Amino acid sequence: MKTIVVLSDTHGNRKAIDGIDGVLAECDTIIHLGDTSSDGSYICGKYPDKTVIVNGNCDIPKLGGEEAVIEIENLRIFACHGHTYSVKTTLARLAEKAKKSDCALALYGHTHEAREDVIDGVTLINPGCMTNYGNKSYLYLVVNRDKFTAKNVPVI
């Protein structure tokens with residue numbers, strides 16, 4: 001069994017990131033979905049062996065990949081910021097890409113809205129944002145073989 005913390009749209013809010021440092025320290029994997037990838041790099045500086053960074057639309061410089069396929073236990077996860085898949089208007093393109101990548105789970109940000117949807121057998125989860133653009137939150141995932149449990153966690 002593995003635990004994963006997923007963050008997105010931190011936009012330089014290092015105080016919020018530091019506020020969940022205990023959770024980041026104890027989890028097995030950290031995924032930062034962009035905006036701002038330098039925040040992902042900040043996390044990677046503390047936890048270099050377990051941090052994955054993808055770039056968002058506001059990322060200059062770009063410190064991660066544009067997207068990633070991550071395998072944890074027997075679960076394949078597609079991770080991206082979401083802007084290149086038009087996630088503000090539809091999740092269909094993201095679900096299609098994840099399915100073509102043989103991923104049962106797709107993680108994305110960009111909308112600043114925490115939500116979970118299932119399209120064509122693919123679960124799509126947005127962890128929300130860590131800034132004042134909306135309700136601050138992150139995603140806590142527990143993966144056991146090819147199954148997962150997801151919990152969106154509010155940040156105060």
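## Close-up views of a predicted model

**View 1. A five-stranded open sheet runs in the order S4-S5-S6-S8-S7, with mixed pairing.** Strands, like helices, are DSSP runs numbered from the N terminus (E, at least two residues, for strands; H or I, at least four residues, for helices), and two strands pair if DSSP finds at least two bridges between them. S4 and S7 are the edge strands, each pairing on one side only. From one strand to the next, the twist averages 20 degrees; axes are lines fitted to C-alpha atoms, for helices over the stretch in contact, and angles run from 0 to 180 degrees between N-to-C directions. The model is predicted, so that local features need pLDDT of at least 70 and side-chain atom pairs count only at pLDDT 80 or more, while totals for chains, interfaces and linings use all residues. Residues are numbered from 1 along each chain as its sequence is written, and side-chain values use heavy atoms, with hydrogens and water left out.

**View 2. S5 and S6 run parallel and are joined by three bridges.** The bridge partner of alanine 79 is leucine 107 in S6. Helix H4 packs on the sheet and touches S4, S5, S6, S7 and S8. The direction of H4 makes about 125 degrees with that of S8. Contact here means heavy atoms within 4.5 Å.

**View 3. Strands S7 (residues 115–119) and S8 (residues 122–126) pair in the antiparallel sense over five bridges.** Aspartate 117 has leucine 124 of S8 as its bridge partner. The two strands form a hairpin with two residues between them. In the turn, aspartate 120 has a positive phi of about 50 degrees.

View 4. S2 (residues 29–32) and S3 pair in the parallel sense over three bridges, and isoleucine 31 has valine 52 of S3 as its bridge partner.

**View 5. The hairpin of S9 and S10 has two residues between the strands.** S9 (residues 137–144) and S10 pair in the antiparallel sense over eight bridges. S10 (residues 147–154) lies largely in the open, because the number buried among its eight residues is zero. Buried means under 20% relative accessible area, exposed over 50%, and partly exposed in between (1.4 Å probe, protein chains only).

**View 6. The largest nonpolar core holds 17 residues.** Such a core is a set of buried Ala, Val, Leu, Ile, Met, Phe, Trp, Tyr and Cys residues joined through side-chain atoms within 4.5 Å. Val6, Ile31 and Leu107 touch the most other members. S1, S4, S5, S6 (105–107) and S9 each supply at least two residues of this core. Leaving aside its neighbours within four places in sequence, leucine 107 is in contact with residues including Val6, Ile31, Phe78, Ile125 and Leu139. In soluble globular proteins, nonpolar side chains tend to be buried together.

**View 7. One aromatic pair is counted.** Rings of Phe, Tyr and Trp (its six-membered ring) pair if their centres lie within 6.5 Å; planes under 30 degrees apart count as stacked, over 60 as edge-to-face and the rest as tilted. The rings of phenylalanine 78 and tyrosine 85 have their centres 6.0 Å apart and their planes at 85 degrees, so the pair is edge-to-face. Phenylalanine 78 is buried at 1% relative accessible area, and tyrosine 85 is buried at 9%.

**View 8. Histidine 11 and serine 86 each lie in a loop.** Histidine 11 is found between strand S1 (2–7) and helix H1 (14–19), and has a positive phi of about 45 degrees although it is not a glycine. Serine 86 is placed between strand S5 (75–80) and helix H4 (92–100); its phi is positive, about 55 degrees, although serine 86 is not a glycine.
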